[in-house]
Amino acid sequence: MTLAGKKIAILIAPRGTEEPEFKQPKDAVEAAGAEVIVLGLEAGEAKTNNNDLDPGGSYQVDKTVKDVSADDFDGLVIPGGSVGADKLRADATTVSFVRSFFEQAKPVGVICHGPWLLVEADVLKGRTVTSYPTVKTDIINAGGNWVDKEVVVDKGLVTSRNPKDLPAFCAKIVEEFEEGKHPQQARSA
């Protein structure tokens, strides 16, 4: 599989994104040949967490979400971490950015608490997804069908539950990014 020539966005929240759910998908997509752009709420560096509370590493933010458009990318990765996902879903520009990927039928990979952004973006009606178990009720209330599986693919949307699922999640996002647009996804947004 090759993602040469593809540009993939990955979100990061200041002091809150779960480090393995950010770093491993980023590394996997880059290893497959894509250019990965780190998008944050603010410029500079963003610190990650491990297990939501323990300090992780620092990562350079390439661009802020307000300075880009979904038009600029071939796919999107939304890492988890309850703190990070909550900060991202509270930002209207980020929610609109995420919704645009669905409107444009572009593949999206989301793990752990990341589906909170999908709830806010109102793109889950009729979709089958998984997440960290505590997000289940939010997904169901947003019209989604929640299942407890390692990785779920629904019309270009890849979801996983937690860091233990990262090998399967990373393999599937690379596959979906290679496939590209999914016209059925735009119809369901």
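Start by selecting strands β7 and β11: they run parallel and are joined by 4 bridges. To find β11, pick residues 157–160. Keep in mind as you look around that this is a predicted model.

Now zoom in on one of those pairings. Which residue of β11 is the bridge partner of V108? Select L157, and you have it.

**Next stop: the other neighbour of β7**

Select residues 75–78, which make up strand β6. This strand also runs parallel to β7, and here 3 bridges do the joining. For one of the pairings, click on V77 and then on its bridge partner in β7, G109.

**Along β7 itself**

Go back to strand β6 and click on G75.

What's packed around it? Leaving out residues up to four places away in sequence, G75 touches K7, I8 and A9, and also F101, P107 and F177. Select that group along with G75 to see the surroundings.

Then try a distance: draw a line from the C-alpha of G75 to the C-alpha of F169. The two are 94 residues apart in sequence and 14 Å apart in space.

**Zoom out to the whole chain**

The C-alpha atoms fill a box of roughly 35 × 35 × 30 Å along the principal axes. Why call the chain compact? With 189 residues, a compact globule would have a radius of gyration near 16 Å, and the chain's 14 Å agrees with that.

Of the 189 residues, 54% count as buried. Look at contacts too: among those between residues at least 6 apart in sequence, 69% join residues at least 24 apart.

The chain exposes about 7800 Å², with carbon and sulfur atoms supplying 47% of it. If you colour by charge, there are 22 positive and 29 negative charges to find, and their mean positions are 3 Å apart.

Notes: Residues numbered from 1 in each chain as written. Predicted model: local features only at pLDDT ≥ 70, side-chain atom pairs only at ≥ 80, totals over all residues. Heavy atoms only, no water. Rg over C-alpha atoms; globule rule 2.2 N^0.38 Å. Buried < 20%, exposed > 50% of the residue type's maximum accessible area, 1.4 Å probe, protein only. Contact = heavy atoms within 4.5 Å. Areas by Shrake-Rupley, 256 points an atom, 1.4 Å probe, with all protein chains shown as cover. Lys, Arg positive; Asp, Glu negative; His and termini not counted. Charge placed at Lys NZ, Arg CZ, Asp CG, Glu CD. Pairing = 2+ DSSP bridges. Helix = DSSP H or I, 4+ residues; strand = E, 2+ residues; numbered from the N terminus.
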